[in-house]
Amino acid sequence: MTVTEAQPISALLDPGTVQSIADEVWPSLVGDGEAFVPVPVPPSAELVSAWVDIIGPWTGSVVLTCAPATAEALTESVLMTRPPTVVDDEDVADALGELANVLGGNIKSVLPGESRLGLPQIGSAPSRGRLDDVCALVGQWRGNYLTITVQGAAPAPHAERNEVPQL
Amino acid sequence: MRALVIDDSRAMRRIVGTILTGFGYEVREAGDGRQALDVLQEGSAEGWVPDLCCIDWNMPVMDGLQFVMATRANPAFRQVTLMMVTTESETSQIVKALAAGAHEYLIKPFTADALRDKLALLGLLPEEVSA
């Protein structure tokens, strides 16, 4: 049996396409006049990520990463909350997850073949796969560090144990 | 006018709900297809049947497509207009949803104007809003 290696995301997607998707998502979801600006600023020490998995001819994740304070500010903007209303962890997981979901769904639609989208997850970003299987857009929102990373899935640990032994 | 907004994201339920409320809709919410069927059944018992359901596709427990099929199979809800509001934008997905019984399809991200245009197409925009 011949195993053909899937094309890396760098051959399927360019940062310009991710930016154009972000350009549509930000005003619609984050608010009028809001934008993801592709000008990098230094990252903060603590980061949080929200992501959705894409499963198909290309398998991996669309990951949104920022500082917890930025995630909170994004949530306030998405939910249109005004002081003294405060957002809680559940609100942040929900809003950041939906941002990742909408980004992921639109990125899935430009990939070849039929794929499936997973449900949003939040936490520490999933491990990356091959070094060339990454399309990262580093930028900022309201001057705060934010990245959108489309990355291939890391190989399953101990994958060799799943192989059927040849008798 | 009455609407049921079905999405596992509270943020998205709030966004869609706020727009619809602005158009004069009375809005109820559900976090997945199963919950939405419960809202329909409970609402029906008290005489509350929505004119419109806005339905996300990817949700836990029961997804949007399963909800569309379940609703279409129930004669009590034959008059309810079903609109998918989802990130699933491939033609094959749109065809699948329409074949299952959805009437309209709105792709996320969307603007309030895009939702308004869809409602106008469906004849579900209150006169005072469309004027």
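The structure is a predicted model, in which local features need pLDDT of at least 70, side-chain atom pairs count only at pLDDT 80 or more, and totals for chains, interfaces and linings use all residues. Residues are numbered from 1 along each chain as its sequence is written, chains are lettered from A and ligands numbered from 1 in the order in which they are written, and side-chain values use heavy atoms, with hydrogens and water left out.

The side chains of A:Lys108 and B:Glu90 form a salt bridge with an N to O distance of 2.9 Å, a salt bridge being a side-chain nitrogen of Lys or Arg within 4 Å of a carboxyl oxygen of Asp or Glu. A:Lys108 belongs to helix α3 of chain A, whereas B:Glu90 is in the loop between β4 (81-86) and α4 (91-100) of chain B, so the pair joins two chains; helices (H or I, at least four residues) and strands (E, at least two) are DSSP runs, numbered from the N terminus.

The model scores ipTM 0.88 and pTM 0.89. For chain B the mean pLDDT is 95, with 98% of its residues at 70 or more, pLDDT being the predictor's confidence in each residue on a scale from 0 to 100.

At the interface, 23 residues of chain A are in contact with 19 residues of chain B, contact being defined as heavy atoms within 4.5 Å. The two chains bury about 1800 Å² between them, with 50% of this area on carbon and sulfur atoms; buried area is the accessible area (1.4 Å probe) that two parts lose on being put together, summed over both. Within chain A, the residues that lose the most area to chain B are A:Asp94, A:Glu98 and A:Leu119, which together account for 25% of what that side buries.

Across the interface of chain A and chain B, 11 residue pairs are in polar contact, both residues being at pLDDT 80 or more. A polar contact is a pair of N or O atoms within 3.5 Å; within protein, one atom must be able to donate a hydrogen and the other to accept it, and residues adjacent in sequence count only if both atoms are side-chain atoms. On the side of chain A that touches chain B, α1 (15-30), α2 (68-79) and α3 (89-110) of chain A each supply at least two residues, and the largest share, 11 residues, comes from α3(A). By class, this side of chain A has 9 nonpolar, 6 polar and 8 charged residues, where Ala, Val, Leu, Ile, Met, Phe, Trp, Tyr, Cys and Pro count as nonpolar, Asp, Glu, Lys and Arg as charged, and the others, Gly among them, as polar.

The structure holds 14 salt bridges over all chains, and 5 are found across the interface of chain A and chain B. In one of the salt bridges, A:Glu98 pairs with B:Lys108, the closest N and O atoms being 3.0 Å apart; because A:Glu98 lies in helix α3 of chain A and B:Lys108 in the loop between β5 (104-107) and α5 (112-122) of chain B, the pair joins two chains. A:Glu98 is buried at a relative accessible area of 3%, and B:Lys108 is likewise buried, at 0%. B:Arg10 forms a salt bridge with A:Glu90, for which the closest N and O atoms are 3.9 Å apart.

Within chain B, the side chains of B:Glu29 and B:Arg13 meet in a salt bridge at 3.0 Å, N to O. B:Glu29 is in strand β2 (residues 26-30) and B:Arg13 in helix α1 of chain B, so the pair ties together parts that are 16 residues apart in sequence. B:Glu29 is partly exposed, with a relative accessible area of 41%, whereas B:Arg13 is buried, with a value of 11%. Salt bridges with shared partners also join A:Glu98, B:Asp7, B:Asp56 and B:Lys108 into one network.

B:Leu20, in helix α1 (residues 10-22) of chain B, is buried at 0% relative accessibility.

How values were computed
Buried < 20%, exposed > 50% of the residue type's maximum accessible area, 1.4 Å probe, protein only.
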